[in-house]
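Take a moment to look over the whole model before reading on.

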Amino acid sequence: MTTQQFDLMVVGGGPGGYVAAIRGAQLGFKTALVEKEHLGGVCLNWGCIPTKSLLRGADIAHTLKEAEHFGFTYDNLSFDIKKLVQHSRAVASKLTHGVAHLMQKNGITVIDGSASLADKCLLNVEHEGKVTQYKATHIILATGARARNLPSIAIDGDRVWGAREAMTPNALPRKLLVIGGGAIGVEFASLYNDLGTDVTLVEAEQRITPAEDADISALAEKAFVQRGIKVLTNSIVQSLDTSGADTSALISGPKGDQHLEFDQVILAVGITGNIENLGLESLKVETAKGFLQADGFGKTNLAGLYAIGDVAGPPWLAHKASHEAVICVEKIAGVDGVKPLNKDQVPGCTYCRPQIASVGLTEAQAKAAGHSIRVGRFNLNANGKALAINEAEGLVKTVFDENSGELLGAHMIGPEVTEQIQGFGIAQQLEATEHELAQSIFAHPTVSESMHESVLDSLGIAIHQ
Amino acid sequence: MTNEIKPINMPKWGMEMSEGDINAWYFAIGDQVNAGDDLVDIETSKIINTVTASDGGVLRAIIGATGETHLVGALLGVIASAETSDAEIQAFIDSNSSAAAEPEAVAEVAAPVAAAIETAPAPVAIPQAANGLSKLAEGEDDSLVAASPVARRLAAEYGVNLNNITGTGRHDRVSKWDLEAAVLAAGGRLIGNSINKSNGAVQFGDDSNVKATPVARRIATQLGINLLECRVSGDRGRVCKADVEAVAALKNKMPAQTDGSSTASNSTFESQPISGMRKTIAARLQASKQTAPHFRVHIDAEIDALLEVRKQINNSNTNAKVSVNDFIVKACASALMKVPAINVQFDGEQLSYFSNADISVAVAIDDGLITPIVTDANHKGLVEISNTTRDLATRAKLGRLKPEEFQGGSFCISNLGMYGIKQFDAIINPPQGAILAVGAGEQRPVVKDGQLAVATVMSLTLSSDHRIIDGAVAAQFMSVLKGYLEQPATMLG
C-alpha cells in the first residue's frame with residue numbers, strides 16, 4: 001500500500017489545530033487532522049467551555065443569594081451538582097460535534113490516533129495498536145499542554161484534582177484547598193465558593209492573578225476575601241498528608257507554618273507542553289522548559305515542521321492558539337501581509353467573580369520597558385449600570401504612552417468585563433490614541449462607559465469622578 | 001452634462017497574451033461604476049486578473065459576456081453617463097467593433113490582428129471633459145500622506161490621490177469625512193448612494209439597476225422574473241442564481257431547459273469547455289513540437305554516492321529536507337554554467353544566452369501543470385534550493401504564484417520518478433532551449449570491471465531544440481551532468 005500524502009497535516013484537534021486545518025483547507029491545501037481523543041481539544045472538552053458552563057451555575061447561585069436584596073424570598077432551595085456537571089458536559093459534547101461537522105464541511109481528513117514524527121515530513125499515527133504512515137509537506141504540531149505537578153504534590157484524581165476532575169465532581173467538597181492563584185485557580189476558587197464550599201486559595205507569589213496589573217490583583221483579592229474565600233499569598237503548600245479521613249496540608253507563609261485540614265485539593269500551578277512521544281528528540285527539534293521553540297510564524301528548527309498554541313509556549317490561551325494557527329498557515333501559503341503574533345495584543349480573560357480582563361502591558365511592565373506613561377483609572381462604584389445590577393465592585397485602568405498616545409495596556413475587573421476588553425483590543429490594533437478613544441461615544445447606561453471614563457481620566461478630564 | 005463614452009477593452013497582460021476569457025462581471029448593465037472599481041475578471045493563460053474601471057459612470061453595455069473569449073483590445077463593455085442616449089451607445093459599439101475585429105472571424109489570423117490593435121488609435125474618448133474627479137486622481141505616490149485606514153481604503157475605491165485632500169483630523173490627518181467632502185465638491189457621487197436613489201416608488205418595475213450576477217440576470221430574463229422580487233444573498237450585495245431560482249420555485253417555474261435539440265441523455269461522456277490554463281498548455285506544447293526539432297540524448301547516472309551525501313546533509317541539518325530532485329536542480333545549474341550553450345531561450349529569431357541558471361521545475365497541479373522557477377540556482381546552496389522549491393511547489397498547488405515566479409526560466413526539469421517511471425521524453429517549454437526528463441532512481445544490475453554489480457541508477461533524457469543546440473553540445477551537457485550526479489562533491493567547486 002502506498003503512503004497517503006497530504007500538503008498539510010495538523011496534529012491536535014484543539015482551537016489551534018482545528019483552526020489551522022480549516023484555514024489550510026480554505027487556502028487549498030489537501031489537509032488532514034490527527035486527534036487522539038476528542039476534536040475540540042482541552043478548550044472545548046476540558047477547559048474554557050465546560051468551566052464557563054459551570055460558572056454559569058455559580059452566577060445563578062450568586063444571584064439567588066442576593067435575590068432578597070431585590071425583594072425575593074424563597075425557601076426549600078436545593079442544588080444538585082450532578083445536573084450542573086451534566087449541563088457542562090452536554091455543551092462540550094455539542095461543540096465537539098460542531099467541530100466534526102466543520103472538518104467534514106471543509107473536506108478535511110480526520111485521522112484518529114496518536115501521531116509521532118518518523119522523519120522530516122513523515123508522521124506515524126498509531127491507532128488501536130496499528131501504525132499507519134503518512135507523508136506531509138508541512139506538519140503543524142498543536143498538541144496542547146496539560147496541568148503541571150509539583151515535585152511533592154501530584155494530581156491523583158481522588159484527593160488531589162486537576163482541572164479535569166475539578167469540572168466533573170460527583171459531590172460538592174466541604175473544605176477545598178486550591179493551590180495556585182493564577183487564572184485557573186481563581187476560577188475554581190470562585191466557582192466552588194459561590195456553590196457553597198469553604199475555599200482556601202494559596203498562591204506562592206505576593207498576590208493572586210500575578211500576571212495581571214497589581215491594582216487589579218488587589219481588588220480581586222479584596223472581593224474574594226469579602227466573599228469568604230481565605231486567600232494565603234506568599235505561601236507555599238509544602239506537603240499533603242492523605243492518610244487521614246481529611247487531607248492535611250502543611251502550608252508555610254509569612255506567619256510561619258500551619259497545618260490545615262481539607263476534604264479536597266485542586267492543583268492549578270501552571271501547565272507543561274505535550275511534547276512527549278512525538279519523536280522530537282531523535283530529530284533534534286528544539287524545545288525549552290517543556291515547550292516547543294518556534295518563530296513568530298510558528299516555524300520550528302526542523303524543515304517542514306511548525307508549532308502553534310499551548311505547546312509553543314505562553315500565553316496559554318485558546319484565542320492565541322487560533323490566531324497563531326491562521327498566521328502560520330497563511331505564511332506557508334504566501335498570503336500577503338501576514339504579521340507575526342504580537343503577544344502584547346493578546347487579551348486575557350479570567351472568569352472569576354468579579355471577572356478580570358486585560359490586554360497589553362501592566363503599569364509596572366510599561367514602566368520597566370522605559371515608557372513614560374499616562375494612567376487612567378475609573379472605579380465602577382461611580383458607574384450607573386454597575387450600581388443598577390448591584391455589581392459595582394470594579395476598576396478600569398488604562399495605560400498610555402505619554403508621547404505617542406499608544407494604548408499600551410488596559411486592565412479591567414468587574415461584571416462582564418470579558419465581553420468588553422475587545423473594545424480596547426480593536427483600539428490597539430488600529431493604533432488609536434487616547435484622543436480617538438476620548439472622542440468615541442459610549443452608550444449609556446452601560447458598564448463600558450467606565451472604559452471611556454478611564455481614558456478621560458488619563459487626560460485628567462473624567463466626568464463622573 | 002458630459003456625454004463622454006468610455007470603452008472597456010480586453011487588456012494585454014504580458015507579451016504572450018493574445019486573448020482572454022471573460023470569467024465574471026462584477027457589475028450589471030445599469031450599475032453605477034466608480035473609478036477604480038473591479039469591473040470584470042479575465043482568465044488568461046495561467047492567471048485570473050481583474051480589470052478595474054479607469055473612469056466612473058454607468059455601465060451601459062456588456063459586449064463580452066461571461067464565458068466568451070475575446071482578443072486583446074476587443075471591446076468588452078461601455079461606460080457612459082446615465083444621460084447618454086442608447087443610440088449614441090449603439091453607434092459607439094458599432095464603430096468600435098469594426099475597428100477591433102469580430103472575435104469569431106479572426107481566430108486563425110490572431111497575430112496580425114493583435115498587432116493592428118496595438119497601434120490602433122484610442123477610441124472616441126473626449127479629453128477636454130476631464131472633470132474634477134479625475135483631477136483628484138492625479139499626483140504622486142500618496143502612501144506617506146497621513147490618513148485614517150478608512151479614508152485610505154475609500155480613496156483607493158474612488159481612485160482619489162490623497163495628496164489632493166486637505167486633512168482636518170488631528171495633526172491634519174485625512175479622515176473619511178474629508179475625503180467624501182472632496183469627492184462631492186468635485187462633482188462625484190458617494191459610493192453606496194446609487195441604490196437609495198432608484199428605490200423610490202418603483203415596485204417590480206425596471207430592474208436594470210438591481211445588482212445581480214450575470215447568470216442570475218440571464219435566468220431571470222428567461223423565466224420572466226423581476227430581479228426586484230428576489231432576495232439578495234450573493235456577494236457584493238448582488239442577486240445570485242439561487243435567489244432567482246428560489247423565486248422561480250415559489251412560482252412553480254422550473255429553470256428553462258436548453259433547446260430540445262440537445263444530445264441523448266445516455267451519453268457516456270461529458271463536454272466541458274477547456275480552461276485558460278489547458279488552452280495555454282495545448283497551444284505551447286503544440287507550437288513547441290511543430291517549431292522546435294526535438295533532439296534527444298539519453299544517459300544513465302549512478303546515484304549511490306549522491307544518496308549518501310543526501311543522507312548526511314539531512315541528518316546533520318535539522319532545517320534541511322533535501323530531495324534527489326534538489327540535487328538534480330543543483331547539478332543542472334552547475335552543468336549549465338559549464339555548458340552555457342544549453343542555458344538559452346530562442347524565440348525563432350533571437351537567441352538569448354543567460355548568465356544565471358533560472359531553472360523551471362514542473363509541478364503537477366489539480367487542473368494542469370505549472371513551472372515555478374528556482375532563480376539563480378547556480379548561486380544557491382542545496383538547502384536553499386530545497387527550501388525555495390518546497391515553498392514554490394506549495395504555492396503553485398494553491399494557485400498563489402506571482403507571474404514572475406513562473407514566467408521565464410532558462411532551463412526546465414520534469415521529474416516523474418516518484419511515479420516509478422523509468423525513463424521518458426519531455427517536450428521543450430518554449431522559448432527555452434532544452435528540458436531534462438528525470439526517471440526513478442532504482443537498483444539495477446551494472447557491470448563494473450567485468451563483474452556484475454548492483455547500483456542505484458537513474459535514467460535522464462535531454463530534449464533540446466536542434467535549431468540552436470547541436471548534438472555534441474547536448475551530449476557534452478549530459479556528460480557533465482552525469483559527472484556532477486555521480487560525484488556530488490565536484491558540484492561544490
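This is a predicted model: local features need pLDDT of at least 70, side-chain atom pairs count only at pLDDT 80 or more; totals for chains, interfaces and linings use all residues.

Start with chain A. Its domain assignment gives three parts. Domain 1 is made of two stretches, 4-146 and 272-343. Domain 2 covers 160-269, and domain 3 covers 354-458. Now find the centres of domain 1 and domain 2 of chain A. Taken over C-alpha atoms, they are 28 Å apart.

How many residues of domain 1 of chain A are in contact with domain 2 of chain A? Twelve residues of domain 1 are, and they meet twelve residues of domain 2. On the domain 1 side, two elements of chain A give two or more residues: α3 (48-65) and α4 (81-105). The largest share comes from α3(A), with eight residues. Sort this side of domain 1 by class, and you get eight nonpolar residues, four polar ones and no charged ones.

Next, look at where the two chains meet. Here 14 residues of chain B are in contact with 18 residues of chain A. On the chain B side, helix α12 (residues 382-397) of chain B gives the largest share, four residues. The classes on this side of chain B are three nonpolar, five polar and six charged.

Now go inside. The largest nonpolar core has 189 residues. Six of its residues touch the most other members: A:Met9, A:Leu141, A:Val178, A:Leu201, B:Cys332 and B:Ile359. Take A:Val178 as an example. Leave aside its neighbours within four places in sequence, and its contacts include A:Gly185, A:Phe188, A:Ala189 and A:Val199. A:Leu201, A:Val202, A:Ile266 and A:Ala268 are also in contact with A:Val178. There is a second, separate core as well, with 50 residues. Among them are B:Ala74, B:Leu76, B:Leu136 and B:Val239.

Strands come next. Strands of a sheet pair through backbone hydrogen bonds, either parallel or antiparallel. Chain A shows the parallel kind. Strand β1 (residues 4-11) of chain A runs parallel to β2(A), and four bridges join the two. Within this pair, A:Val11 stands opposite A:Val34.

Why is strand β2 (residues 31-35) of chain A described as largely enclosed by the rest of the structure? Five of its five residues are buried, so the strand is largely enclosed. In a regular strand the side chains alternate between the two faces of the sheet. In β2(A), A:Thr31, A:Leu33 and A:Glu35 lie on one side, while A:Ala32 and A:Val34 lie on the other. Both faces are covered, and these residues are all buried.

Four strands of chain B form an open sheet in the order β1-β8-β6-β3. β1 (5-9) and β3 (32-33) of chain B stand at the edges. Each has a single partner strand, so one side of each is left without a neighbour in the sheet. For β3(B), the partner is strand β6 (residues 57-62) of chain B, in an antiparallel pairing over two bridges. B:Val33 stands opposite B:Gly57 in this pair.

Finish with the backbone. A cis peptide bond joins A:Pro314 and A:Pro315, with omega at about -10 degrees. A:Pro315 is in the loop between β19 (305-307) and α8 (318-333) of chain A. Chain B has a cis peptide bond between B:Pro430 and B:Pro431, where omega is about 5 degrees. B:Pro431 lies in the loop between β16 (411-415) and β17 (434-438) of chain B.

Two glutamates deserve a look too. A:Glu128 is not a glycine, yet its phi is positive, near 50 degrees. A:Glu128 sits in the loop between β5 (122-127) and β6 (130-141) of chain A. Is A:Glu128 buried or exposed? A:Glu128 has 6 other C-beta atoms within 10 Å, so it counts as exposed. A:Glu416 also has a positive phi, about 55 degrees. A:Glu416 is in the loop between β24 (407-414) and α11 (421-429) of chain A. With 17 C-beta neighbours inside 10 Å, A:Glu416 is partly exposed.

Note on methods: Residues are numbered from 1 along each chain as its sequence is written. Chains are lettered from A and ligands numbered from 1 in the order in which they are written. Domain bounds come from an automatic or database domain assignment. Two residues are in contact if their C-beta atoms, placed from the backbone, lie within 7 Å. Ala, Val, Leu, Ile, Met, Phe, Trp, Tyr, Cys and Pro count as nonpolar, Asp, Glu, Lys and Arg as charged, and the others, Gly among them, as polar. A nonpolar core is a set of buried Ala, Val, Leu, Ile, Met, Phe, Trp, Tyr and Cys residues joined through C-beta atoms within 7 Å. A residue is buried if 20 or more other C-beta atoms lie within 10 Å of its own, exposed if 12 or fewer, and partly exposed in between; C-beta atoms are placed from the backbone. Two strands pair if DSSP finds at least two bridges between them.
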